[in-house]
Amino acid sequence: MVSRKYVGDYRLENVTDRRGKLKTVPVYRGPLFRFKAENGAVKAAKRRLLLLTALATAALLVTMLLRSELLTRIYIVMPLVLCILPTVLLWMGIYNLLTAGESVRRDQSDRIHNRFAGWSVVLIVLSVFSLTGQIIVYLGASDAGGIPVTVCTIVLLLCGALIFRGKDDLRMEEIPSGQ
């Protein structure tokens, strides 16, 4: 389904199918986009974002599997549980990035760049909320058993920050119609 933003990029065409019936299908006629960076820089960015997303996922899973007094507090565990959504959507961005060809449609271009920009910020904010709660607990009473949870949360925060920083390597430019 085409969203309203991209509806002008499609034209309806009548095509006959295998059985000879006339069928109306949308055909993309809008501009195509390519990565602004060199091929080597794009490949390096793909590898880096894949590694960072995998590391963030591992840190999140390890945090959820740990048994700690910290994870009994709702203001610490809830932001970590909510980090599952941005992590899954970052994996969807990785899929879009890895399946992108030399030229992509406008909606694919927006999804590739904006998904990493938006969801990495959400990951950072949720990690900061959880880390703030952990610091409050540490200031009130020492819980040495919570150190691995804090380390994993810091790793999650750093991965989100590095993903946000690496999104600029995925900028796209419109391919001139003559090429």
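The model is predicted, with local features requiring pLDDT of at least 70 and side-chain atom pairs counting only at pLDDT 80 or more, while totals for chains, interfaces and linings use all residues. Residues are numbered from 1 along each chain as its sequence is written, and side-chain values use heavy atoms, leaving out hydrogens and water.

**Exercise 1.** Determine how helix 1 and helix 2 are oriented at their contact.

*Solution.* Step one: the axes of helix 1 (residues 39–65) and helix 2 (residues 74–82) come within 10 Å and cross at roughly 140°. Step two: helix 1 is therefore oblique to helix 2, since angles under 35 degrees count as roughly parallel, over 145 as roughly antiparallel, 65 to 115 as roughly perpendicular and the rest as oblique. Step three: Leu 60, Thr 63 and Met 64 of helix 1 meet Val 77, Leu 80 and Val 81 of helix 2 (contact means heavy atoms within 4.5 Å). Step four: the residues of this contact comprise five nonpolar, one polar and no charged.

**Exercise 2.** Identify which residues have the most contacts inside the largest nonpolar core.

*Solution.* Step one: this core, a set of buried nonpolar residues joined through side-chain atoms within 4.5 Å, has 30 residues. Step two: those with the most contacts inside it are Phe 35, Leu 49, Leu 97, Ile 112, Phe 116, Leu 156 and Leu 170. Step three: helix 1 gives the largest share, six residues.

Terms used: Axes are lines fitted to C-alpha atoms, for helices over the stretch in contact, and angles run from 0 to 180 degrees between N-to-C directions. Helices (H or I, at least four residues) and strands (E, at least two) are DSSP runs, numbered from the N terminus. Ala, Val, Leu, Ile, Met, Phe, Trp, Tyr, Cys and Pro count as nonpolar, Asp, Glu, Lys and Arg as charged, and the others, Gly among them, as polar. Buried means under 20% relative accessible area, exposed over 50%, partly exposed in between (1.4 Å probe, protein chains only).
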